[in-house]
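Morning, everyone. I have one structure to show today. Let me put it on the screen.

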Amino acid sequence: AGAEAAGDRWGVAVALTVRAWNALARGDTAVARDDAERSMELFEELGDAWGRLQAMDNLASLAELTGDLARGRRLRGTAVDLAEELELSCDLPFLLCGLGQSALLAGDHERSAELYERARRMAVAQSIRLGQIVAEIGLGRAARRRGDLDAAETLLRGVLDWHRGRGYEPGTAALIWVELGFAAEQRGDARAALDLHTEGYEAAVTSGDSRTSALALEGLAGAYALAGDHVRAARLLGAAATVREKAGTPLAPAERPDVERAADRARAALGEQAYLAEHGHGASLPPADILEG
């Protein structure tokens, strides 16, 4: 508002970029889209390549969040090229992590790990600790999806310790809890998976991150299915589907196996009709009611 009152179009564009980033962190796709698109228009009118890069990163995240992975990948590739052209070496680790995220969501775990490792090395060489942390989160997520649970847990627990020490980004910390929960479930440890996903869900709710909230509910469903509580598992999957639908954040291809494990266990125990009935019932219930029931 201050920039608008002063007639400062560049200041407006930068403020919109920051506001879009914060909206994405909350999972508020409507606000994020409006602000990111308007900031891009202003930066293009002003001929500011640096500003276009900032807006492009938000637009890529928005595309991935709402299921348009192809657009997200194109934008992230263009952003990396632009940063290299502008010689923005400090931005490149983060932009490469974004490209790694695109590959991860599409299910290309090997490519994702390559990009995250390149970003990590670049961040370490420039002493950009946050860039290294972001890359290690990605490396941990890629490792889990490849089935390398030891590597995943080592990386993710190291990053979680860093976050705990700084009280930094509860939304990101929530994602780490959820990834560790999935790893525990894949190991067959239902109790640890329940504890970790509960931590993740509580952190996601606190941060307002709807996508991670849905992931945590899906993780809790997997943990309950592993523990034999198939009715609660089916209901939690229904509740997670409702959260995703309301937020406009569909499952990415790489996220489906985690959901399918829970659904397959619950479906096998309950039968198709009972599973669908409980899933539908869960879709109409507040998640807290299912968890407390």
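I'll start with the whole chain and then go to one residue.

Keep in mind that this is a predicted model. The secondary structure first. The protein chain has 16 helices and 0 strands.

Next, overall dimensions. Along the principal axes, the C-alpha atoms fill a box of roughly 60 × 40 × 35 Å.

Of the 293 residues, 51% are buried. The chain exposes about 12,800 Å², and carbon and sulfur atoms supply 51% of that area.

How about contacts? Take those with a separation of 6 or more: 62% of them join residues 24 or more positions apart.

Charges next. There are 33 positive and 46 negative ones. Their mean positions lie 2 Å apart.

Where does D48 lie? It is in the loop between α3, residues 29–46, and α4, residues 49–65.

Is D48 buried or exposed? Its relative accessible area is 18%, and buried means under 20%, so D48 counts as buried.

What does D48 touch? Leaving aside neighbours within four places in sequence, D48 is in contact with W10 and F43. There is also a polar pair here. A polar atom of the D48 side chain lies 3.0 Å from the backbone nitrogen of W50.

One last distance. D48 and E114 are 66 residues apart in sequence. In space they are 31 Å apart, C-alpha to C-alpha.

That's my tour. Thanks.

Conventions. Residues are numbered from 1 along each chain as its sequence is written. This is a predicted model: local features need pLDDT of at least 70, side-chain atom pairs count only at pLDDT 80 or more; totals for chains, interfaces and linings use all residues. Side-chain values use heavy atoms; hydrogens and water are left out. Helices (H or I, at least four residues) and strands (E, at least two) are DSSP runs, numbered from the N terminus. Buried means under 20% relative accessible area, exposed over 50%, partly exposed in between (1.4 Å probe, protein chains only). Contact means heavy atoms within 4.5 Å. Accessible areas come from the Shrake-Rupley method with a 1.4 Å probe; for residues, only the protein chains shown count as cover. Lys and Arg count as positive and Asp and Glu as negative; His and the chain ends are not counted. The place of a charge is taken as NZ of Lys, CZ of Arg, CG of Asp or CD of Glu. A polar contact is a pair of N or O atoms within 3.5 Å; within protein, one must be able to donate a hydrogen and the other to accept it, and residues adjacent in sequence count only if both atoms are side-chain atoms.
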